[in-house]
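Thanks for coming, everyone. Let me put the structure up, and then we'll walk through one part of it.

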Amino acid sequence: MVTVKEIQDLKAYLVDKYYVKLKTEQGEDQKYYDDAFNVPQIKEPARIARTGRASRLIDAPVEHIITSNPQAFREPKNKADSVSALRVSIELNRWLNIMQRMNPNPFKEIARNCLLRGEAWWHPVHNESWVTGKRIKTGLPVLFTTPDPLVIYADPVEDENGI
């Protein structure tokens, strides 16, 4: 049985130590990405040369990592399941093609957030046009957003092999 004191201690640890340090470090990383960090060692009359190298160190690999044709397949569990696996694969690939056309591209945003923040999220949001009004069933029944990890507070123990 978990006591109230243990819950309060866990809350204090997460809020006061874990998230404060994590979000502070991610904010510091953002300063380097934006090329707006402080350089107190350089004095007048010398000037700071803002080259934008940090953003290129993140953005260049993202462009190489992301494929222009993402694909998904489901292996059949047995011989009788092959038709079902083919249908699921076709539907998954239809979803991926629609997601690839979204702006911003969720695949690139996930890779960028992973490299810049060290964590990334896909947040599925209900598509209202599928169930309200004229029920326009174009696109997907859910929309995938990629919120900035600076505003997400995830449970630090809910991961699977670091994912």
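One term before we start. A nonpolar core is a set of buried Ala, Val, Leu, Ile, Met, Phe, Trp, Tyr and Cys residues joined through side-chain atoms within 4.5 Å. Keep in mind that this is a predicted model.

So, which residues make up the largest nonpolar core? There are 10 residues in all: Val-62, Ile-66, Ala-72, Leu-96, Ile-98, Met-99, Phe-107, Ala-111, Leu-140 and Phe-144. α3 gives the most, with 3 residues.

Now look at Val-62. Beyond its neighbours within four places in sequence, Val-62 touches Lys-108, Ala-111, Arg-112 and Leu-115.

That takes us to α4. Of its 12 residues, 9 are buried, so α4 is largely enclosed by the rest of the structure. Among the buried ones are Pro-106, Phe-107, Ile-110 and Ala-111. Glu-109, Arg-112 and Arg-117 are on that list too. What covers them? The cover includes α1, α2 (53-65) and α3.

A check on length. At 1.5 Å a residue, α4 should span 16 Å; its end C-alpha atoms lie 15 Å apart, which agrees.

Last, the packing of α4 with α1, residues 4-33. Their axes are 9 Å apart, at an angle of about 110 degrees. The two helices are therefore roughly perpendicular. On the α1 side, Gln-26, Asp-29, Gln-30 and Tyr-33 take part. They meet Arg-112, Leu-116 and Arg-117 of α4. By class, that contact has 2 nonpolar, 2 polar and 3 charged residues.

Terms used:
Residues are numbered from 1 along each chain as its sequence is written. This is a predicted model: local features need pLDDT of at least 70, side-chain atom pairs count only at pLDDT 80 or more; totals for chains, interfaces and linings use all residues. Side-chain values use heavy atoms; hydrogens and water are left out. Buried means under 20% relative accessible area, exposed over 50%, partly exposed in between (1.4 Å probe, protein chains only). Helices (H or I, at least four residues) and strands (E, at least two) are DSSP runs, numbered from the N terminus. Contact means heavy atoms within 4.5 Å. Axes are lines fitted to C-alpha atoms, for helices over the stretch in contact, and angles run from 0 to 180 degrees between N-to-C directions. Angles under 35 degrees count as roughly parallel, over 145 as roughly antiparallel, 65 to 115 as roughly perpendicular and the rest as oblique. Ala, Val, Leu, Ile, Met, Phe, Trp, Tyr, Cys and Pro count as nonpolar, Asp, Glu, Lys and Arg as charged, and the others, Gly among them, as polar. The expected span of a helix is 1.5 Å times one less than its number of residues.
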